[in-house]
Every structure is written in structure tokens, then in C-alpha cells.
Amino acid sequence: MQLQRSGVAGTTARERGSSSRVALRCGVNGNAPRVVVSAAHAAPDNARAPGQPGRPCVRASATKTPYPPPTRPLKTDAPTDVEYDAVIVGAGMGGLATAARLVAKGAKVVVLEKYLIPGGSAGHFKREGYTFDVGSSMMFGMGHDGTTNLITRCLQTVNRKLETVPDPTQVVYHLPKSKQFPDGLTVAVWRKYEEFIAELTARFPHEKEGIRQFYDTCWRIFDSLNVLDLKSLEEIRYLLGEFVKHPGACLTLASFLPVNTGDLARKYMKDPELLKFIDIECFIWSTVVSDMTPLINAGMVFCDRHFGGINYPIGGVGRIGEELAAGIEDFGGHIVYKANVKEIVLEQQADGSEKATAVKLADGRVYRGKAIISNATRWDTFETMIGKEKLPKGEQLFRKRYKKSPSFLSCHIGVKAEVLAHEKDCHHIVLEDWDKMDQAGGVIFVSMPSILDPSLAPEGRHIVHAFTPDWIENYQGLSTEEYEAKKQAAADDLCRRLEEVLIPGLREAITYREVGTPRTHRRYLNREDGTYGPIPSRRPFGMLSMPFNSTEVPGLYCVGDSAFPGQGVNAVVFSGFGCAHRVLVDLGMEPAWPAADKLYGKALAAIRDSS
Ligand SMILES: NC(=O)c1ccc[n+]([C@@H]2O[C@H](COP(=O)([O-])OP(=O)(O)OC[C@H]3O[C@@H](n4cnc5c(N)ncnc54)[C@H](O)[C@@H]3O)[C@@H](O)[C@H]2O)c1
Ligand SMILES: CC(C)=CCC/C(C)=C/C=C/C(C)=C/C=C/C(C)=C/C=C/C=C(C)/C=C/C=C(C)/C=C/C=C(\C)CCC=C(C)C
């Protein structure tokens, strides 16, 4: 059910802020003044309940971990003498979401994971009393209303739930000094839409109308998505059903499918610095600027944060994967760890075509399935597990249109709590020079999740997770000593910059530091070059260039950030919802119109090929 609007276009009643309460105060480190809700924001943490204006009351409720990590031992085996409905390669969030939706419909499923934990890049690891999130700690899709809260809904699919803490801000930007902003541009993206709009408008008063029109258009997209029963867009019976139930929403989305965010931004705004701000609003999650970012994705991100979707799971981001994995097993699914899939087996069919029918592990075990689903990147799936010589035409086209995004240099840091004594916001972005935005080491991403959930760090300590885009080439061809020295030097530099802009006294306060490079990401996540995912190599045709779940290899499906709609946990969970639906239809476990489906599939491929 859509929430009632109350007077302010494009906002929900629940998360809408009141601009009448807006006042000015100094930004972090005394930078440009920052507009915040007056008394409410200045009050101590526990002064308000979550969901009320200002910062949430998190500390008191967050000192315990309400759902203890699963105690059941990780399994390294599952029967090989059966044919599964689906064999899934990888227990990242894309693979787990697909498995959850499939087992809930009674499908026989095995998930094969190379590593030791579920969740992939959204997993977590423990060191010296700290629980560190592998990737970013900013979780969209964890709200309670609408249909886009896909993580919450995915957990519900297998009867699981997690206690969460609302993030008071999505992020605080600390952007370069300029003529217009001699002290730097500081903008906080408040949970309440009106508060964020007021803050941005205070920075760019001459763009008041444009700012409103731009973000309100994003709400049109979000509100349209948020009523649909989100499933596979490559299944015609379902899609027509949604058009009949929600014609306005579907037509709105169809009209925005080919549009990129930069197009909309320039339609409404002129100030070059504001347009750069929109670029970084996109860059921090898509790793490309607004011209390369599909508008529908921006609609999701720019509104879910105000709709109540960004919430931190108590106990760490990895709790999501742990609960999903436990739920999948409760429903009879198998998850096999230390299962390194080396080959997707193709078998010749009577008509001469080849079909994916099984996978082979490094240790020789073979798992057979009616559907083979890969949660690995498209590069790893087609070039490593099938073979470059068999690259289908559509995959060749994909490689022309998309390239690998950079990976990250990550510092997982434990600090003395005093150094963050006045910090209230979990996520920050630091950029000192606009020209360096899309360069390695340019943007620093910082999350301090123990501010939201103190159970993540030992008493008297906090976590600082700082990361910045980096390329694997920078760490190759080095001796062990050179590699170690290079990564420590890069981490030292990151900490020095953070100390200058965001956390005075940081280096003195460090009690633990672990550094990961693109090589680490490649090794532990099995992602070619440690990439964060595909990014367009030229201006995309909005969302229409991105492939859905089925592939040109019969029996083989892709899920995760190499499939529509791309990067992001909520995005890959959506791709899991779509993948499971497509597979259920193909296995005859969901009603379908096969003939119409075939024609529609061809039309979609033609649109993609020509876009
Ligand atoms: N805050 C955030 O928004 C956030 C945080 C973390 C991750 N992410 C997103 O998650 C996305 C990735 O999710 P995903 O599900 O697509 O992938 P993933 O990389 O997270 O998971 C893939 C899993 O497959 C496994 N795997 C790969 N090859 C294998 C093989 N040959 N055999 C067995 N297992 C294999 C890996 O070990 C990994 O666990 C990224 O795009 C990123 O945006 C976002
Ligand atoms: C014909 C056809 C096909 C159609 C028709 C029409 C229609 C109906 C349409 C529809 C559509 C749809 C449904 C779509 C959907 C979409 C979606 C769901 C999307 C989603 C998205 C999401 C996203 C993108 C997300 C993302 C996120 C991310 C990436 C995040 C990240 C983060 C980070 C990195 C962090 C940062 C940090 C700091 C700041 C520290």
C-alpha cells in the first residue's frame, strides 16, 4: 500500500521533515555552516525515539545482539547423486536471494560457495573483538513499507527478520573548497526528505526550484516502483498483470527506462557546482557520474534513504547473509562452503545446441541441475567457468558496452572511542579535488557502523572503515615485501587525509588496522580484478542496455551485479527476485504463457542489441 502524501509533493507522511524547524549550525570541523533541524539535532542521542525528527535513539537498544550468530556448523557437503531444480554458484546476496525465493516455492536447491561465509561482499569478519563489514555498511531496502524493501522481504520469504537501527543521515559530504564555497561544501543527506532539501537549498538558494523538481521527479519513479510486486521483467504474463494492476506506475517507469540521471539534472539545474554535487550523489554508489547512471536506479537510491529504507542490521551487515542462509536450510535447501566451482558443464542436446546441465568443483565433485545460476561476475562466469572460445554474441556485446569498475583499497580500523566522541553520522564522503573524483584514491568513503551499533566494537572502541577506489594493476608484479609496503603506504596516506578533513587525532587513536587491496577482493570474493561490478564504457541507454537473468546459454542464468539493475545489495536482491521468478516459470513451477514469452524475450533482446 502506498503511504499517504501530506501536502509536500514527493514525500511520504512518515519520513517527511518540517522545514519550519530548520536552523543553521557549524559543519564538522567548523566547515561551511550546515543546516539541521534545530533543537532536536543538538539534543543527546537518547532524547528521541527512532523515526522521530533528528537523530535516532540507538545506543541504549543497540548494546546487545538480539539474534546470536547461527551456531550450526557450516556444511561442506550435499548429495551429488540427485538432480537439483537449481544449482547456484556463489552465496553472495544475489545467490542467496534467488535461493530463498526458490526454496520457498518448494524447489530443490543447492548453493555452492567457494569461501567460508555467506553474503559475499556483504559478509562480515571478526578480529580482536571487532566485527568488520567486508563492504560498505550502508544498507538500502531494509525498511518496513512498500515493495522496494527487498532485503526485509527476502528475509521474510524464509521466515527470518533482523533488528535494525535507522541511520540518521544517509551520508555527510565533505566536498572541495571553491570560490563559491571557500571553506568547502558540506552537505548532510538527512533521513527526512524536507530537511535534506532545505540543507541543499541553503547551499544553492538560486537553484531552489530546480532542486525540488529534480528530486521530486525521483520520487515519481520511486513511488511507481514501490507499488509493484517486483519480479522478473522478462516474463510477459507477470509484466502485463502489473500493467493492468498499476498502469500509471508501469507507464511512468517505462518512460524513464532509457533515461540517465544527468539528463534530468541538467533539465532542472544550471549551477556547475550543483551539477557536480549530483555527480557525486551518483558516484558514491554507481562509481560513475550522473550521465552514466540510469535514472531509475537513482530514483531508488535518492528516495529509499528518505522513505525509511536505510537501516543498519544489529550485529553487522553479515547478519543478513547468515539469517538468509539459515532460513534457506530450514526450507530444505543446501549451502555448501569451500565449494570452488571450476566449470559450468555444457551438454549437447538432440538439436545440436548446448545446454548448461551441471557444475564441476575443483575437487572433482559434480552437481547436476535443471537450472544453473551464477552469482559470479559475467567475466568469471563466461570466461573462466565456460571458456572464452564459447563467448555468446550477447556477451561480446556486453563486453563492448560495460567494463570492470575499479576495486577498492580498504582500511578496517579499530580506534579509541574518544576520537569519535562527537561523531553522530555513520557515513561520510571526503573529496578534496573535483578533478580527482573518478580517479583511484580520489573519493574516500568512510563508515563508522559502531556509532549505530556499539556491539560491533569492544568497550571503549569504535570502528572506522575507510575505502577508496583503486585498480588491481597498482598491486601486481610486486614481491611480497613490496606489496606489503605499498598497501601500508596507501593506507597511511588515507589515514593522513582523513585526519586532516574528518577525524582529528585519528592516527594516534588507532588500535587495530587491517588493509585490503583489489588483490584481496579478488582472492576472497572471486571477482575478476576484484571489480565492484560492471560500469558502462559509454553513455548507456538508461537501464535498457543491462542484461536480465536468462542468458544465451540454455539452462544458464546470471544473478548479482552483472545482471539488471546492477550494483548494490538491494539491487542484487532484486535481481535474485527476478532470477528465481524466471527460473520457476521455466521449470513449470509458476504459471506462464510460453509462446508469448518467447516472442517477448526476442523483442527484449532486439531492444538491448540495438540500444
Ligand atoms: N552497502 C552496500 O550497498 C553494499 C555492501 C556490500 C556489497 N554491496 C554490493 O553487492 C554487490 C555484489 O553482490 P553479488 O551478490 O552480485 O556478488 P558477491 O561478489 O557479493 O558474491 C558472490 C559470491 O560468489 C562466490 N563465488 C564466486 N565465484 C565462485 C565460484 N567459482 N565458486 C563458488 N563460489 C563463487 C563468492 O565467493 C561470493 O561469495 C556489489 O555490486 C556491491 O554493490 C553493496
Ligand atoms: C518493457 C519493460 C522491460 C518494462 C516496462 C516498465 C516497467 C514495469 C519497468 C519496471 C522497472 C523496474 C521494476 C525496475 C527496478 C529497478 C530496481 C529495483 C532498481 C534498484 C536499484 C538499486 C540500486 C541501484 C542500489 C544501489 C546501492 C548501492 C550501490 C549502494 C552502495 C553504497 C555504497 C558503496 C556505500 C557508500 C558508502 C559511504 C558513503 C561511506
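Which helix gives the largest share of the shell around ligand 2? I looked, and α10 does, with four residues. Helices here are DSSP runs of H or I with at least four residues, strands are runs of E with at least two, and both are numbered from the N terminus.

Ground rules for myself. I am working on a predicted model, where local features need pLDDT of at least 70, side-chain atom pairs count only at pLDDT 80 or more, and totals for chains, interfaces and linings use all residues. Residues are numbered from 1 along each chain as its sequence is written, chains are lettered from A and ligands numbered from 1 in the order in which they are written, and side-chain values use heavy atoms, with hydrogens and water left out.

**Ligand 2**

I found 32 residues around ligand 2, with S136, W285, V446, Y532 and G568 coming nearest; a residue counts if one of its heavy atoms lies within 4 Å. The protein covers 94% of the 1000 Å² of accessible area that ligand 2 has on its own (Shrake-Rupley, 1.4 Å probe).

I then went through the elements. Those that supply at least two shell residues each include α6 (236–245), α7 (247–256), α9 (272–286), β17 (427–430), β18 (444–447) and α17 (569–586).

By residue class, I get 25 nonpolar, seven polar and no charged. The nonpolar set is Ala, Val, Leu, Ile, Met, Phe, Trp, Tyr, Cys and Pro; Asp, Glu, Lys and Arg are charged; the others, Gly among them, are polar.

**Domains**

I have domain 1 as 83–126 + 316–402 + 543–610 and domain 2 as 406–530, with bounds from an automatic or database domain assignment. Both give residues to the shell, so ligand 2 lies between them. Their C-alpha centres are 31 Å apart.

At the boundary, twelve residues of domain 1 are in contact with ten of domain 2 (heavy atoms within 4.5 Å). The buried area is about 900 Å², and carbon and sulfur atoms give 50% of that; this is the accessible area (1.4 Å probe) that the two parts lose on being put together, summed over both.

**Salt bridges**

My criterion is a side-chain nitrogen of Lys or Arg within 4 Å of a carboxyl oxygen of Asp or Glu. I count 35 by this rule, and one between domain 1 and domain 2. I also noted D561 with R527, at 2.5 Å from N to O.

E323 and R160 form a salt bridge too, at 2.9 Å from N to O. E323 sits in helix α11 (residues 318–330) and R160 in the loop between α3 (150–157) and β7 (164–166), so the pair ties together parts that are 163 residues apart in sequence.

Most residues other than glycine have a negative phi, and most peptide bonds are trans. I flagged N159, not a glycine, for its positive phi of about 60°; N159 is in the loop between α3 and β7. Where does P565 lie? I place P565 in the loop between β22 (556–558) and α17, and a cis peptide bond joins F564 to P565, with omega about 5°.

**T164**

I ended in strand β7, where T164 is placed. T164 touches M142, N311, Y312, P313 and I314, leaving out residues up to four places away in sequence.
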